[in-house]
Number of protein chains: 2
Amino acid sequence: MTEKTNSYDFEGATCAVPLVHDEKIVMGHGSGGRMSLDLIRNAFYPSFKNDILGAGDDAGVFDVAQGRMAMSTDGHVVAPLFFPGGDIGSLAVCGTVNDLAVMGAVPRYITVGFVLEEGLPMQTLAKVIDSMKRVAAESGVQVVAGDTKVVQKGNADGLYITVAGVGMIPAGVNISGNNAQVGDAVIVSGTIGDHGIAVLAARGDLGVEVDLESDVAPLNGMIAEMMQASNQIHVMRDPTRGGVATTLNEIAGQSGVTIELDQEALPYHPAVQGACEILGFDGLNIANEGKILTFVAQEDAEKVLATMRAHEYGKDATIIGRVTEKNEKGGRVVLKTLLGTHRIVEMLRGEMLPRIC
Amino acid sequence: MTEKTNSYDFEGATCAVPLVHDEKIVMGHGSGGRMSLDLIRNAFYPSFKNDILGAGDDAGVFDVAQGRMAMSTDGHVVAPLFFPGGDIGSLAVCGTVNDLAVMGAVPRYITVGFVLEEGLPMQTLAKVIDSMKRVAAESGVQVVAGDTKVVQKGNADGLYITVAGVGMIPAGVNISGNNAQVGDAVIVSGTIGDHGIAVLAARGDLGVEVDLESDVAPLNGMIAEMMQASNQIHVMRDPTRGGVATTLNEIAGQSGVTIELDQEALPYHPAVQGACEILGFDGLNIANEGKILTFVAQEDAEKVLATMRAHEYGKDATIIGRVTEKNEKGGRVVLKTLLGTHRIVEMLRGEMLPRIC
């Protein structure tokens with residue numbers, strides 16, 4: 001098999017990814033044999049290059065210090081693969097990085113599992129890998145192991161990606177959905193629902209053009225600064241599928257508390273607000289991929305908020321509510337409406353926007 | 001949503017898996033909302049139950065000691081989902097357990113990512129989870145995090161699973177594909193090609209009935225005993241996709257050596273031998289899912305072999321060759337045939353048996 005190098009532009013950056021001669025994925029790329037090795041050597045190794053991966057063994061090997069480790073995984077099946085603000089590659093790395101970071105861990109090593117559809121253009125794969133590389137570099141994680149499977153045309157919608165990752169939790173840090181305290185302020189790091197509506201629009205399902213990008217971003221850098229600013233952060237979680245409503249209900253249930261939200265404080269991009277009004281969606285149910293919900297003791301709330309607002313990914317951060325009381329029997333989330341009435345905010349039921357991440 | 005408990009038989013064992021009322025997977029199970037939570041609480045938690053997973057956070061958290069950690073991932077897209085000797089669930093856990101074990105690591109924590117097809121019967125998922133639970137228990141690993149996505153009917157052939165895992169490597173252990181030494185004996189832990197031919201037969205692609213089971217098995221227990229028996233094991237690797245031929249070529253290349261195999265020593269189940277003769281396959285290219293290739297210093301070879309033969313998963317272990325010389329320019333694998341001639345054994349090219357794991 002001969003090789004060539006294709007250069008292409010992606011999001012303004014020119015990068016050169018050597019491609020194997022075959023310009024589409026074929027079943028042989030999943031054989032585990034020579035073609036798999038060529039794909040790994042020519043597409044994956046140059047982008048994810050590091051000494052751990054480079055050893056070429058069945059597992060990546062690295063040193064760890066004594067302590068507490070966090071480990072998480074996230075699979076991605078988003079359609080379309082590319083959308084304003086991101087793609088399945090950036091989503092996949094951010095998903096796991098953020099799941100580790102919200103536990104207070106420093107994300108460090110990830111693994112990548114691809115399921116590729118026969119016929120997938122090699123350039124599409126190269127673009128996705130390039131995104132993964134970019135987000136991995138930004139978030140400071142190394143790809144230490146990977147796996148590639150190929151399925152027949154008609155399956156997998158191009159590709160699926162599952163990323164797993166690990167990171168160490170600094171001594172003394174104890175952040176969990178179980179730790180919400182009465183009096184905690186609830187902060188959201190920016191506008192709600194951008195990812196879900198951006199993907200919906202990219203599918204053409206909105207029927208109108210919107211000027212909106214997905215918020216997909218690795219949040220570990222901002223989170224590290226927040227943890228420097230306060231040691232009274234009790235809970236962090238990223239409100240992905242199911243949105244803010246579902247995530248807050250999970251936390252309310254885990255901690256056995258009532259959470260009250262102020263409707264007038266909820267930050268929405270005008271395009272999300274408009275789409276929700278037209279489609280009858282509740283923005284609190286729409287997925288985010290670059291936002292966190294943070295529960296912090298009231299006395300540190302302004303300090304943490306200021307830290308977030310100073311960061312690129314938290315410039316629109318705002319306090320949206322508070323923990324009002326213990327509620328051992330299960331926890332609940334209530335919304336104080338613009339009219340001053342209260343309504344229960346429920347977890348998302350059923351499926352509103354399939355294949356959103 | 002109401003719940004019920006369904007009992008069923010699976011591989012002779014009666015197990016009770018509480019199922020959500022919906023008897024098939026629907027898109028809502030991937031929403032991240034209430035239906036996802038029900039699926040997790042009713043199908044995943046009871047089977048994978050442990051304190052780490054039970055915390056219900058975005059990542060599993062556990063203590064680690066200072067040292068070297070191995071991390072690996074493996075995706076599985078096998079068709080059919082169930083075959084004699086195993087299923088996609090046992091494959092998925094064994095794949096990662098074995099990838100860690102062959103590095104000398106003690107597999108400990110795994111994550112599980114599911115991609116489920118809309119319409120998948122809940123009982124099918126329950127059977128797969130039951131297999132995963134059984135293999136996890138046998139191999140001593142805990143599921144510490146998971147993710148579930150649902151894709152529309154027509155994708156994903158029922159389900160795909162990606163497992164990642166970590167384990168610590170005991171101090172002083174240094175096993176790698178880079179470490180093959182001239183004089184090393186090459187041991188295979190049993191008959192070659194059972195998995196690939198068993199799956200092919202289960203698909204009905206052989207045209208004849210065969211009395212053969214997949215060899216899928218977690219090998220960490222046997223490997224631990226082997227490492228107790230000798231500190232001169234230089235290389236271990238499981239010859240999965242691409243078979244013994246591909247794995248040995250990888251090792252020959254990494255270590256820069258020539259490996260010579262004795263054709264008459266290669267152990268085959270009669271059904272595999274027969275299928276290869278009929279179909280014109282080379283058994284050295286057929287996938288195994290419960291076998292390892294071990295390179296050990298000649299003086300310890302019999303000791304390691306005896307240890308393997310005393311173990312359920314190594315009873316047919318045999319020495320199939322040796323490392324004959326350094327070969328810095330790339331490494332190669334040669335086969336001494338029954339006629340006394342030599343032929344080059346190449347890596348698998350193209351795709352012989354798609355969707356085998």
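A:Gly60 has B:Met71 as its bridge partner in S4(B). This bridge belongs to a pairing between two chains of a predicted model: S3(A) and strand S4 (residues 67-76) of chain B run antiparallel over 5 bridges. Strands are counted as paired if DSSP finds at least two bridges between them. The elements themselves are DSSP runs numbered from the N terminus, helices (H or I) having at least four residues and strands (E) at least two.

Residues are numbered from 1 along each chain as its sequence is written, while chains are lettered from A and ligands numbered from 1 in the order in which they are written. In this predicted model, local features need pLDDT of at least 70, side-chain atom pairs count only at pLDDT 80 or more, and totals for chains, interfaces and linings use all residues, with side-chain values based on heavy atoms and with hydrogens and water left out.

In total, 79 residues of chain A are in contact with 78 residues of chain B, contact meaning heavy atoms within 4.5 Å. The size of an interface is often given as the accessible area lost when the parts come together. Here the buried area is about 6000 Å², and carbon and sulfur atoms give 55% of that; buried area is the accessible area (1.4 Å probe) that two parts lose on being put together, summed over both. On the side of chain A, the most area is lost by A:Asp58, A:Met71 and A:Arg241, together 13% of what that side buries.

Several elements of chain A give two or more residues to the side that touches chain B, among them helix H1 (34-48), strand S3 (60-64) and helix H7 (243-255). S4(A) supplies the largest share, 10 residues. By type, the residues of this side are 33 nonpolar, 29 polar and 17 charged, where Ala, Val, Leu, Ile, Met, Phe, Trp, Tyr, Cys and Pro count as nonpolar, Asp, Glu, Lys and Arg as charged, and the others, Gly among them, as polar.

There are 8 salt bridges between the two chains, each a side-chain nitrogen of Lys or Arg within 4 Å of a carboxyl oxygen of Asp or Glu. One of them joins A:Lys149 to B:Asp74, with the closest N and O atoms 3.5 Å apart.

How are the chains related? A rotation of 180° with 0.0 Å of shift along its axis superposes chain A on chain B, with an RMSD of 0.0 Å. This is the relation of a two-fold axis. The superposition is by least squares on the C-alpha atoms of residues with pLDDT of at least 70 in both copies.

Within chain A, S14(A) (residues 318-326) pairs in the antiparallel sense with strand S10 (residues 185-188) over 4 bridges. A:Val188 has A:Thr318 as its bridge partner there. S14(A) also pairs with strand S12 (residues 257-262) of chain A, antiparallel over 5 bridges.

Lastly, the peptide bond from A:Ala79 to A:Pro80 is cis, and A:Pro80 lies in the loop between S4 and strand S5 (82-83) of chain A.
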